[in-house]
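Please read this report alongside the sequence and the coordinates.

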Amino acid sequence: MISFFPELEHSQNIFPQSARDLANGVIRPTAVEDDHNETFRRDIFYALKKEGLTSLMIPKEWGGKAAGSAAHYAVLSELSRASASYSITVGVHQMIQAAVLEYGSDEQKKNFLPGLVSGDLLGAFSLSEPGSGSDAASLVTSAKKVSDGYELNGTKTWCSNGSDADLFLVMARTGGPGSKGISAFLVSKDTPGFKIGKKEKKLGLKSSSLTELIFEQCHIPNARLLGMEGLGFNVALSQLDAGRIGIASTAIGLAQETLEVVWTEGTRKAFDFSEGQRAEWAQYFALLQSVFALLFLAATRKDQGLKVTSLASQCKLLASDLAMNMTSSAITTLGLAGLNPHLGIERMMRDAKALQIVEGTNQIQKLVLSRELDKMVQ
Ligand SMILES: Cc1cc2nc3c(=O)[nH]c(=O)nc-3n(C[C@H](O)[C@H](O)[C@H](O)COP(=O)(O)OP(=O)(O)OC[C@H]3O[C@@H](n4cnc5c(N)ncnc54)[C@H](O)[C@@H]3O)c2cc1C
């Protein structure tokens, strides 16, 4: 088994090992069927939670494992090898926990962290709207101040975990145009005036639901405002760096799995694995190891409390493009076998395509990096 996480200390390594066991034991057996039927299994999420894998970066005082970023990202990669959808679910769930931990009042932490850590509450993150994806700061869902709280009206879109989540971190407009007019709210699934809209059909990540969220005169009490009014865009951005490293980890899992499948198939006696093909996949191995090293650097810097915006964009861009190239090349190398769902490559190719878009498209990552270069070269 190809593994890129030997750098982890033993105490952290138990988590990726346990993720690998669960990925093989409970996710992989139904991955093809669940992709086909677009099924998410809550019992799988509970199994992951039971091993502490859904709250690895949460401090022990709140019931988490305080295991650090590298262990969390290694776990996402291991899950992704069996199904990228579960890696996405856990990654998003972690973002909500981190947002409550960073911006929540004592009361909000007490109200929500125990449920998020126990897995009773599954989290979702809702920034995108039909008219604002990349340009997220132009969102129009309104949160009008009323005497004892806010009234939300509008439609959000592309919410991962949407059909299955219990607690939604929703960004809505409380003030004027631009990012400073946005606030963040913690909205429970059963809030009157809030309903889950249509479930999107999509190419990849089919076991992770993606839905609209509809707000019609939805009353949210003051106690559900996360952070201060006008801070909502900062709340969202604060989770995006971590989220992008998470997407890179998911992509690395796909790339690792693809490399292993191709090498195993290629070296079977019946397969005519040419020297040229061996060289091509040896080169992918080197590229994959280098992207992994970058991801490990990003995780380490993040745990040191350093800003990782540029590294996170680099990881997301390189890892998802690499996963896309490798899965596509794998089908070329393996021919018809590569198109058979049971080998998993065609699913991973569809998943890799979605990873190039989620958490800011790869074009947006290039914009982030261009701005970073502007600052560096003055
Ligand atoms: C699988 C999946 C899960 C998702 N989950 C969530 C979620 O949980 N929560 C959430 O809030 N959102 C989620 N999203 C939404 C995601 O963040 C948006 O799809 C993404 O930000 C792109 O927005 P868009 O689809 O509206 O594309 P657009 O912004 O319309 O972009 C269309 C194209 O134009 C390019 N483009 C746009 N602006 C620029 C620019 N300035 N310079 C160069 N090129 C540009 C883009 O790169 C893209 O190629 C998810 C998306 C996917 C695919």
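Predicted model: local features only at pLDDT ≥ 70, side-chain atom pairs only at ≥ 80, totals over all residues.

Residues are numbered from 1 along each chain as its sequence is written, and side-chain values use heavy atoms, with hydrogens and water left out.

The domain assignment, which comes from an automatic or database source, divides the protein into domain 1 (10–118), domain 2 (123–230) and domain 3 (234–376). The C-alpha centres of domain 1 and domain 3 are 20 Å apart, and 23 residues of domain 1 are in contact with 29 residues of domain 3, contact meaning heavy atoms within 4.5 Å. The size of an interface is often given as the accessible area lost when the parts come together. Between domain 1 and domain 3 the buried area is about 2,100 Å², with 55% of it given by carbon and sulfur atoms; buried area here is the accessible area (1.4 Å probe) that two parts lose on being put together, summed over both. Of the area that domain 1 buries against domain 3, Tyr-73, Arg-81 and Met-95 supply 32%, more than any other three residues.

Across this interface there are 10 residue pairs in polar contact, both residues at pLDDT 80 or more; a polar contact is a pair of N or O atoms within 3.5 Å, where within protein one must be able to donate a hydrogen and the other to accept it, and residues adjacent in sequence count only if both atoms are side-chain atoms. On the side of domain 1 that touches domain 3, helix H2 (31–37), helix H4 (69–82) and helix H5 (84–103) each supply at least two residues, helices being DSSP runs (H or I, at least four residues) numbered from the N terminus. The residues of that side comprise 13 nonpolar, 6 polar and 4 charged, with Ala, Val, Leu, Ile, Met, Phe, Trp, Tyr, Cys and Pro counted as nonpolar, Asp, Glu, Lys and Arg as charged, and the others, Gly among them, as polar.

**Salt bridges**

Side chains of opposite charge can pair when their charged atoms come close. With a salt bridge taken as a side-chain nitrogen of Lys or Arg within 4 Å of a carboxyl oxygen of Asp or Glu, the count comes to 18 salt bridges, and the count between domain 1 and domain 3 is 4. The table gives examples.

| Salt bridge | N to O distance |
|---|---|
| Arg-20 and Glu-78 | 2.8 Å |
| Arg-28 and Glu-257 | 3.0 Å |
| Glu-33 and Arg-41 | 3.7 Å |

Arg-20 lies in helix H1 (residues 10–27) and Glu-78 in helix H4, so this pair ties together parts that are 58 residues apart in sequence. Arg-20 is buried at 16% relative accessible area, and Glu-78 is buried at 3%, where buried means under 20%, exposed over 50% and partly exposed in between (1.4 Å probe, protein chains only).

Arg-28 lies in the loop between H1 and H2 and Glu-257 in helix H7 (residues 232–266), so the pair ties together parts that are 229 residues apart in sequence. Arg-28 is partly exposed at 33%, whereas Glu-257 is buried at 9%. Arg-28, Arg-81, Glu-257 and Glu-260 are linked in a network of salt bridges.

**Val-261**

Val-261 lies in helix H7 and is buried, with 12% relative accessibility. Not counting residues up to four places away in sequence, Val-261 touches Leu-334, Leu-343 and Ile-345.
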